[in-house]
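Here are some notes to read with the model open beside you.

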Amino acid sequence: MIIDSHYHYYPTEFNVEEKFAEMEELGISKIALIPPIIPIFKTDPKSLPIKLMKILYGKKFLLPFLKISLSTFTKDKQKIDIMGTKYPLIHRVDNTPTFNIAEKYPDKFFAWCFLNPEIMSEEEIDREYNKRSKSSVFCGVKVHSFYHQYRADKLEHIFTLLQKDKKTLLIHMGFDDYEPILSLADKYPDVNIIMAHCGFPYFQIIWDDIIKRKNIFVDISSSPYVNRKLAFSAVKKLGVDRCIYGCDGPFGAQKNNHFDLGYMIEDILNHFPADVREKVGYKNFEKIIFS
């Protein structure tokens with residue numbers, strides 16, 4: 001049994017019947033869907049640029065270089081340059097299509113509610129959160145402080161909502177979030193925080209601080225960010241109870257010109273011992289979502 005905690009829902013990419021067949025073949029019981037904020041782009045985990053980037057991750061002295069290299073936003077903050085192509089960013093996210101498909105197939109999907117405190121007022125956040133959190137498929141709030149270009153301090157109001165309901169936050173952090181996110185974790189101990197991609201952009205740099213806090217977890221999602229070595233290191237350092245499976249689809253490894261849903265399972269998850277695979281594969285996610 002596997003629960004995929006991290007998959008971006010694009011209706012044009014997500015053929016439901018084909019996805020059900022893939023899930024059945026791979027032993028995936030449920031997928032937690034995320035509304036999109038950027039067009040789909042292809043990133044081959046075996047390409048030289050991605051391999052070189054993985055070598056640079058997790059080294060404190062290289063963080064300033066990585067920040068310059070990866071924070072390639074246009075001056076108007078509306079696009080990001082990824083390997084020479086400028087992709088438009090969606091700042092006001094529409095949660096409706098994702099929740100609609102999840103609610104249509106509640107036995108197959110969860111849904112993350114995407115919020116952006118950079119442009120949403122507290123009243124807007126309250127309305128959207130209260131609407132989505134009532135759904136049976138709601139699994140928590142997703143934020144992307146990197147693409148949406150704000151410091152994690154701006155998440156304070158969202159944390160108050162999650163603290164009240166003891167719900168989960170999934171965050172793709174930016175380069176100025178180290179101290180703010182740890183401070184929020186301490187201030188709101190009933191909010192479970194999942195740091196996407198093994199704690200991007202800090203990776204091993206932040207792991208010692210994660211260990212000190214019971215409410216922080218990492219997902220091992222995305223073949224462009226996480227390889228077997230990093231995933232195994234995260235489990236060893238943080239403990240098996242702190243790591244959660246996700247694939248970051250449809251970004252990452254391709255097969256027959258389509259996203260390869262099984263790549264992360266075959267390349268990483270299946271290489272864990274059975275007891276570790278069980279916890280990382282689904283038990284940890286179930287525990288923090290339904291505790």
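1. Two strands count as paired if DSSP finds at least two bridges between them. Across this pair, isoleucine 31 stands opposite phenylalanine 109 in β5. Strands (E, at least two residues) and helices (H or I, at least four) are DSSP runs, numbered from the N terminus.

2. A word on the ground rules. This is a predicted model, in which local features need pLDDT of at least 70 and side-chain atom pairs count only at pLDDT 80 or more, while totals for chains, interfaces and linings use all residues. Residues are numbered from 1 along each chain as its sequence is written, and side-chain values use heavy atoms, leaving out hydrogens and water.

3. Now the whole sheet. It is open and has eight strands with parallel pairing, in the order β1-β2-β5-β6-β7-β8-β9-β10. At its edges are β1 (2-8) and β10 (243-244), each of which pairs on one side only.

4. Next, a helix on strands: α7 (residues 178-187) lies across β7 (168-172), β8 (192-195) and β9 (216-219), and runs at about 155° to β8. Axes are lines fitted to C-alpha atoms, for helices over the stretch in contact, with angles from 0 to 180 degrees between N-to-C directions.

5. How do α5 and α6 meet? The axes of α5 (residues 122-133) and α6 (residues 156-165) come within 10 Å and cross at roughly 30°. On the α5 side, Glu122, Ile125, Asp126 and Tyr129 meet His157, Ile158, Leu161, Leu162 and Asp165 of α6, contact being heavy atoms within 4.5 Å.

6. Please look at the rings too: the whole structure holds 27 aromatic pairs. Rings of Phe, Tyr and Trp (its six-membered ring) pair if their centres lie within 6.5 Å; planes under 30 degrees apart are stacked, over 60 edge-to-face and the rest tilted. Tyrosine 57 and tyrosine 225 make a tilted pair, 6.2 Å centre to centre with 40° between the planes. Tyrosine 57 lies in the loop between α2 (48-56) and α3 (63-70) and tyrosine 225 in the loop between β9 and α9 (228-238), so the pair ties together parts 168 residues apart in sequence.
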